[in-house]
Amino acid sequence: MRGLVLGGVMAARGFAALLITLVGLLLVTFVVGRVMPIDPVVAAVGDKASAETYAKAREALGLDQPVWIQFGRYIGGVARGDLGQSSLSNRPVSEDIARVFPATVELSTLGILVGIILGVPLGVFAAHRRNRWPDQIIRSVSLLGYSTPVFWLGLIGLLIFYAQLGWSGGPGRIDTAYRYSVEEWSGLMLVDTLYSGDWDAFRSALSHIALPALLLGYFSLAYIARMTRGFMIEELSKEYVTTARLKGASEADVLWRHALPNVLVPVITVIALAYAQLLEGTVLTETVFAWPGLGLYITNSLFSADMPAVLGGTLVVGVCFVLLNKISEILYPILDPRTRSR
Amino acid sequence: MIVASSPSLPEPVGTRFEPSSRTQARLVQLARALHRAARNPSTLAGSLIVLALVFAAILAPLLATHDPMAQDLAARLTPPGAAHWLGTDQLGRDLYSRLLYGAQPTLMIVVLVVALSAPFGVAIGLLAGYFGGWVEAVLMRVTDIVMAFPRLILALALVAVLQPGLVNAVIAIAITAWPPYARLARAETLSLRHSEFVEAARGLGMPSGQIITGQILPLCLSSAAIRATLDMAGIILTAAGLGFLGLGAQPPMAEWGAMIAAGRDHIFDAWWVAAVPGLAIVLVSLGFNLLGDGLRDVLDPKHHD
Amino acid sequence: MMQPLLQVHGLTVTFPTPSGPVPVVRDFSLTMGREKIGVVGESGSGKSMTARAILGLVRPPGQVTARTLQLEDMDLMGLSPRGWQALRGKKAGMILQDPKFSLNPIKRIGNQIEETLRLHEPIRRGERRERALAMLEAVGIDDPVRVYKSYPHELSGGMGQRAMIAMMLVSSPNLLIADEPTSALDVVVREQVLRLLDTLVTDRGLGLILISHDLPMVARFCDRILVMYRGRVVETLDARYLDAATHPYTRGLLACLPSPATRGHMLPTLSRDPSWEAA
């Protein structure tokens with residue numbers, strides 16, 4: 001009973017912290033939106049409007065109110081899903097984002113999957129062969145990943161695998177021939193082409209996403225492998241590992257059944273961070289690969305001074321950051337009995 | 001029962017050194033750290049690369065073979081060769097010379113961002129850690145919020161409202177870069193706050209300001225320095241990203257990220273225009289990463305691996 | 001003549017340091033049957049490393065050499081990793097010092113005991129469970145079903161150490177090494193765990209190597225005692241005749257013990273002599 005109450009208090013406290021962080025995020029975008037040198041009224045009515053029209057528009061936008069009321073309205077709007085009107089597309093920003101976000105989710109999810117599937121085993125292996133040549137190679141590969149600009153590697157990748165070798169489908173999500181034939185169902189191109197049963201379209205979509213996804217996968221691999229290695233090295237020095245060996249466990253058992261499950265909590269945290277970084281990195285990757293996702297939307301809006309769109313996109317990525325962290329926290333008790341409150 | 005006295009292990013080889021003054025002790029410590037650093041291949045490689053960057057930035061006017069701004073449309077997109085060692089760009093400008101001059105904004109951004117963000121972050125962390133209570137709660141909550149924001153995208157939005165340019169890029173990156181220092185300094189301060197020498201200083205009536213700057217700050221510096229070195233690689237990549245999007249240094253100034261963006265349109269027929277500045281970015285951030293890794297091994301014995 | 005359980009001759013363990021290899025165990029020899037051997041020494045004397053070397057647990061860069069290292073009829077020198085895996089847990093087990101660290105924190109006790117069986121005996125799940133529960137009962141746990149389902153952090157130190165013993169004995173090895181099995185426990189529990197260990201070893205007819213820094217405790221439970229100092233065995237004693245010790249180190253140790261006769265007097269401290277190491 002007491003544990004239950006305690007658990008409830010902790011959950012409430014965690015929720016409150018989450019709420020404060022989210023309001024903080026809103027405050028930052030609100031402030032950034034207010035210091036902009038572009039007058040939002042002029043952006044709305046044009047610079048040839050009369051003083052009367054201007055004043056009316058100013059009132060309509062709520063800009064005659066005190067700052068804190070404006071902020072309150074802003075929060076209320078965001079809570080209702082209102083991120084403002086895009087001056088570029090002339091539609092609600094939230095609608096625009098809902099349209100482009102699946103493309104970003106598809107690309108970054110595939111990227112993080114590559115990063116997890118390769119990065120975790122490589123990190124475990126590097127820890128096992130610590131300071132020998134496999135470890136040195138894995139360390140160099142991940143150090144290189146830490147040091148390379150993603151957009152540049154994307155360009156070089158296009159040059160080699162698209163222009164020279166012809167292995168990649170090149171920029172965009174799918175060949176133009178299929179662009180309008182695929183029925184939109186989930187917004188995820190790979191899923192939609194499969195769902196419609198069009199194998200040629202699926203193959204085309206795959207050939208387009210493979211290069212950017214592998215590229216993003218490499219960057220998250222670099223981070224995940226390096227961190228996993230560090231956690232595993234510390235874990236392998238613990239006494240229960242000796243106990244496992246004493247029972248007759250093989251080195252593979254020691255690594256995969258004993259040590260790795262014990263470091264899953266920090267590894268999951270690292271994966272969540274890597275995923276968040278990928279989401280953010282899409283601003284650059286999507287530009288290089290002409291990938292019509294949130295990143296490209298933000299950069300395009302930037303160049304047309306469409307601040308509501310830029311801030312709306314920034315906010316969505318920020319909320320993803322916060323939620324990813326929260327999700328990894330929720331997973332902890334499932335993975336580690338010591339963090340369960342009884 | 002045996003009194004479990006630990007056996008005295010054999011003394012390390014070499015005579016024990018007894019420093020005769022504080023300065024001498026510090027110098028010897030520094031010399032030992034440098035010695036260890038020099039034997040560590042990654043620190044050595046890293047410092048050579050960073051030194052090369054500094055030299056390139058300072059000596060660019062002497063080392064350049066051409067005027068980095070001089071256009072020569074007749075020689076546009078020339079592949080690397082004798083006349084132009086690394087080829088020319090779409091306006092016929094010499095890439096080797098532009099590469100050298102491009103070291104200047106890169107170095108400037110790195111130095112300025114660290115100079116702005118590290119002291120600010122460390123100060124926030126020291127105050128939070130030393131005073132605790134609501135000061136800590138407020139400061140660390142703010143830190144967490146800024147940390148929760150995607151760095152690159154926040155910098156992007158800030159540059160967009162401040163107008164693109166080198167100085168604004170520095171400001172934007174600095175605003176997003178300080179929270180890790182605050183966390184680091186707070187953690188160090190927390191562990192020192194109740195240590196005996198701090199209690200002693202407080203007992204002697206030393207004012208808080210003096211305890212923070214005189215007693216605690218010096219002990220936070222080495223971890224902050226390691227963090228800064230590792231951070232520099234990230235700053236270079238962020239700055240290059242802003243430059244690539246056209247939000248950093250403005251043309252015709254030679255900036256590596258912007259140079260890659262210019263080479264993007266010609267990537268399939270003149271690959272070197274984008275490849276050359278990209279390689280420079282990789283090399284330089286690799287240098288900072290190697291140096292940071294090495295420094296951590298040398299200065300922070302907890303992290304030995 | 002019956003074959004001895006364990007034969008060790010000239011066992012040496014060295015670790016490389018910047019100033020050359022340093023021996024941690026030097027020329028250790030022991031021939032034992034199904035008897036109780038005590039190994040006594042201060043921390044750093046090499047007693048734990050000796051135990052680890054016998055079970056092939058010295059990891060590189062540590063190096064183990066020996067003229068003979070034989071368990072029953074099996075030569076352990078140059079044993080393959082697979083050979084070691086088949087041996088550990090099945091033929092020989094070892095109890096580590098502190099159950100707080102030596103049990104896997106995220107696996108249930110039952111699962112950890114069954115792991116030994118899973119690795120060595122091709123039996124079905126239900127039978128494994130029964131054997132694990134029976135073993136928990138055999139180590140004196142009143143509520144085996146609850147402990148079976150518990151995680152290590154939910155158990156007391158004494159319970160944890162009983163579970164550790166269960167893990168090592170469930171597959172019926174012939175040799176058991178106990179490395180300071182009670183020094184991390186509460187004083188009250190120590191005696192219980194020691195008595196349990198003694199009963200199990202006697203009833204099952206095992207060979208036991210009990211490693212400790214506590215000479216009188218070892219003397220009460222063991223038949224023979226090896227005294228180690230700086231990586232070397234300096235004296236071998238019959239546990240019944242501690243007073244027959246001749247080596248100055250052992251004599252020094254005995255003199256430091258409080259007894260009714262020393263009441264009211266200051267206990268002497270041990271003064272060391274570099275010549276003990278040369279031996």
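Biologist: In this predicted model, at what angle do helix H4 and helix H7 of chain B pack, and are they parallel or oblique to each other?

Modeller: Helix H4 (residues 133-148) and helix H7 (residues 179-193) of chain B have axes 9 Å apart and pack at an angle of about 140°. Angles over 145 degrees would count as roughly antiparallel and 65 to 115 as roughly perpendicular, with those under 35 roughly parallel. The angle of about 140° therefore leaves H4(B) and H7(B) oblique.

Biologist: Which residues make that contact, and how many of them are charged?

Modeller: H4(B) passes H7(B) in a left-handed crossing. From H4(B) come Met140(B), Thr143(B), Val146(B) and Met147(B), and from H7(B) come Pro179(B), Ala182(B), Arg183(B) and Arg186(B). Sorted by class, the contact of H4(B) with H7(B) holds five nonpolar residues and one polar residue, and the number of charged ones is two.

Biologist: Helix H3 and helix H11 of chain B also pack; what is the hand of their crossing?

Modeller: Helix H3 (residues 95-131) and helix H11 (residues 272-299) of chain B pack at an angle of about 40°, and their axes are 11 Å apart. That angle makes H3(B) oblique to H11(B). As for the hand, H3(B) passes H11(B) in a crossing that is right-handed.

Biologist: Which residues meet there, and how many of them are nonpolar?

Modeller: On the side of H3(B) are Leu95(B), Leu99(B), Gly102(B) and Thr106(B), which meet Trp272(B), Val273(B), Val276(B), Pro277(B), Ala280(B) and Val284(B) of H11(B). In the contact of H3(B) with H11(B) there are no charged residues and two polar ones, while the nonpolar ones number eight.

Biologist: How many helices and how many strands does chain B have, and what share of its residues is buried?

Modeller: Chain B has 11 helices and zero strands, and its C-alpha trace spans about 90 × 50 × 35 Å along the principal axes. Among the contacts in chain B with a separation of 6 or more, 68% join residues 24 or more positions apart. Of the 305 residues of chain B, the share counted as buried is 42%.

Biologist: Is Ala157(B) buried or exposed, and which residues does it touch?

Modeller: Ala157(B) lies in helix H5 of chain B. A residue is buried if 20 or more other C-beta atoms lie within 10 Å of its own, and Ala157(B), with 26 C-beta neighbours inside 10 Å, therefore counts as buried. Leaving aside residues up to four places away in sequence, Ala157(B) touches Val32(A), Val310(A), Leu311(A) and Thr314(A).

Biologist: How many residues of chain A are in contact with chain B, and what classes do they fall into?

Modeller: The contact joins 39 residues of chain A to 34 residues of chain B. Elements of chain A that each supply at least two residues to this side include helix H1 (2-35), helix H10 (199-236) and H14. By class, the side of chain A that touches chain B has one charged residue, nine polar and 29 nonpolar.

Biologist: Why is helix H13 of chain A described as largely enclosed, and what covers its buried residues?

Modeller: Helix H13 (residues 294-303) of chain A has 10 residues, of which eight are buried, so the rest of the structure largely encloses it. The buried ones are Leu294(A), Gly295(A), Leu296(A), Tyr297(A), Ile298(A), Thr299(A), Ser301(A) and Leu302(A). What covers the buried residues of H13(A) includes helix H5 (93-128), helix H12 (251-288) and helix H14 (307-335) of chain A, together with helix H5 (151-162) of chain B.

Methods. Residues numbered from 1 in each chain as written. Chains lettered and ligands numbered in written order. Predicted model: local features only at pLDDT ≥ 70, side-chain atom pairs only at ≥ 80, totals over all residues. Axes fitted to C-alpha atoms, helices over the stretch in contact; angles between N-to-C directions. Helix = DSSP H or I, 4+ residues; strand = E, 2+ residues; numbered from the N terminus. Left-handed = near helix turned anticlockwise from the far one by under 90°. Contact = placed C-beta atoms within 7 Å. Nonpolar A, V, L, I, M, F, W, Y, C, P; charged D, E, K, R; others polar. Buried ≥ 20, exposed ≤ 12 C-beta atoms within 10 Å, placed from the backbone.
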